[in-house]
Protein chains: 2
Amino acid sequence: MTAHPIKHLIEAADRAISAQDFETLMAFYADDATLVVRPGLNAHGKDQILQAFHRIAEHFKHGLDVTQGEMQVLEGGDTALVIMETLLHSPEADGSTTETRRRATYVFRKYPDGQWLCVVDNSYGTDLLTQV
Amino acid sequence: MTAHPIKHLIEAADRAISAQDFETLMAFYADDATLVVRPGLNAHGKDQILQAFHRIAEHFKHGLDVTQGEMQVLEGGDTALVIMETLLHSPEADGSTTETRRRATYVFRKYPDGQWLCVVDNSYGTDLLTQV
């Protein structure tokens with residue numbers, strides 16, 4: 001079975017995050033996308049999302065590495081709900097690495113030119129309900 | 001603060017499920033919506049979704065009652081990701097009621113006429129990853 005095209009997009013976006021190549025990263029988002037920076041704080045639009053990724057990179061001391069676990073894609077109405085395990089590896093002061101596993105929820109939208117773009121990026125998944 | 005219009009739609013849809021008024025219920029879905037019937041089994045389009053709700057009603061012996069808990073709406077790109085607690089009350093053979101709490105994920109899309117319709121209905125939320 002061929003992997004869903006969105007799988008490749010997410011892998012490429014996560015590589016861009018790990019490489020801190022935020023210009024490349026922004027190409028995966030719609031102009032009016034929303035990113036959950038942390039529960040209760042959302043970034044709207046590419047300017048805010050770009051700023052948020054710079055702050056996130058600083059927070060993780062420019063050592064964040066993002067990879068993907070299990071994934072499900074549910075398509076309907078030219079949108080796709082992606083449920084996936086996201087693994088964050090971040091450096092600690094003592095040289096060790098902390099791994100954080102999140103069950104993320106992303107919404108992608110298929111635009112008339114056939115391109116899928118991320119419109120809602122919520123890496124906290126349903127944990128959002130308890131953490132606000 | 002005024003509640004998000006989608007909150008009222010979900011409340012009305014859940015009332016229609018509880019009343020087994022599936023004709024009314026179908027008006028909340030886009031023609032090409034997807035419903036996760038159970039992990040691994042999806043219904044696509046209104047015909048399949050309608051059939052699925054009839055089977056779900058039978059499964060719960062026509063006694064299913066659905067209400068809503070906490071809710072978060074994340075809007076981006078004329079779509080909305082809804083994260084919400086869904087409470088299912090279903091009758092048991094001994095006359096008691098079983099309550100099941102799920103953390104659901106729904107995607108709504110705002111169509112050019114301003115109407116929000118459900119395009120992905122996944123009441124299993126991120127539990128979908130472990131249950132398939």
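In β6(A), Cys118(A) is the bridge partner of Tyr29(A). Strand β1 (residues 29–38) of chain A and β6(A) run parallel and are joined by three bridges; two strands count as paired if DSSP finds at least two bridges between them. Helices (H or I, at least four residues) and strands (E, at least two) are DSSP runs, numbered from the N terminus.

This is a predicted model, in which local features need pLDDT of at least 70, side-chain atom pairs count only at pLDDT 80 or more, and totals for chains, interfaces and linings use all residues. Residues are numbered from 1 along each chain as its sequence is written, while chains are lettered from A and ligands numbered from 1 in the order in which they are written.

**Sheet of chain A**
- The strand order in this open sheet of six strands is β2-β1-β6-β5-β4-β3 (chain A), and the pairing is mixed.
- β2 (41–44) and β3 of chain A each have a single partner strand, so one side of each is left without a neighbour in the sheet.
- On average, neighbouring strands of this sheet are turned by 25° against each other, direction ignored; axes are lines fitted to C-alpha atoms, for helices over the stretch in contact, and angles run from 0 to 180 degrees between N-to-C directions.

**Helices of chain A**
- Helix α1 (residues 5–18) of chain A has 14 residues, which should span 20 Å at 1.5 Å a residue, and its end C-alpha atoms are 20 Å apart, which agrees; the expected span is 1.5 Å times one less than the number of residues.
- Ile6(A), Ile10(A) and Ala13(A) are the buried residues of α1(A), where buried means that 20 or more other C-beta atoms lie within 10 Å of the residue's own, with C-beta atoms placed from the backbone.
- α1(A) lies across β3, β4, β5 and β6 of chain A and runs at about 150° to β3(A).
- Gln20(A), which follows α1(A), has a positive phi near 55°.
- Helix α3 (residues 45–59) of chain A lies across β1 and β2 of chain A, at about 40° to β1(A).
- From first C-alpha to last, the 15 residues of α3(A) reach 21 Å, close to the 21 Å expected at 1.5 Å a residue.
- Lys61(A) follows α3(A), and its phi is positive, near 55°.

**Chain B**
- Chain B has an open sheet of six strands in the order β2-β1-β6-β5-β4-β3, with mixed pairing.
- Its edge strands, β2 (41–44) and β3 of chain B, each pair on one side only.
- β4(B) and β5(B) run antiparallel and are joined by 13 bridges.
- Glu85(B) stands opposite Arg103(B) in β5(B).

**Interface**
- In chain B, 27 residues are in contact with 27 residues of chain A; contact means that the C-beta atoms, placed from the backbone, lie within 7 Å.
- β1 (29–38), β3 (65–76), β4 (79–91), β5 (97–110), β6 (116–122) and α4 (128–131) of chain B each supply at least two residues of the side that touches chain A.
- That side of chain B divides into eleven nonpolar, ten polar and six charged residues; Ala, Val, Leu, Ile, Met, Phe, Trp, Tyr, Cys and Pro count as nonpolar, Asp, Glu, Lys and Arg as charged, and the others, Gly among them, as polar.

Conventions:
Two residues are in contact if their C-beta atoms, placed from the backbone, lie within 7 Å. A residue is buried if 20 or more other C-beta atoms lie within 10 Å of its own, exposed if 12 or fewer, and partly exposed in between; C-beta atoms are placed from the backbone.
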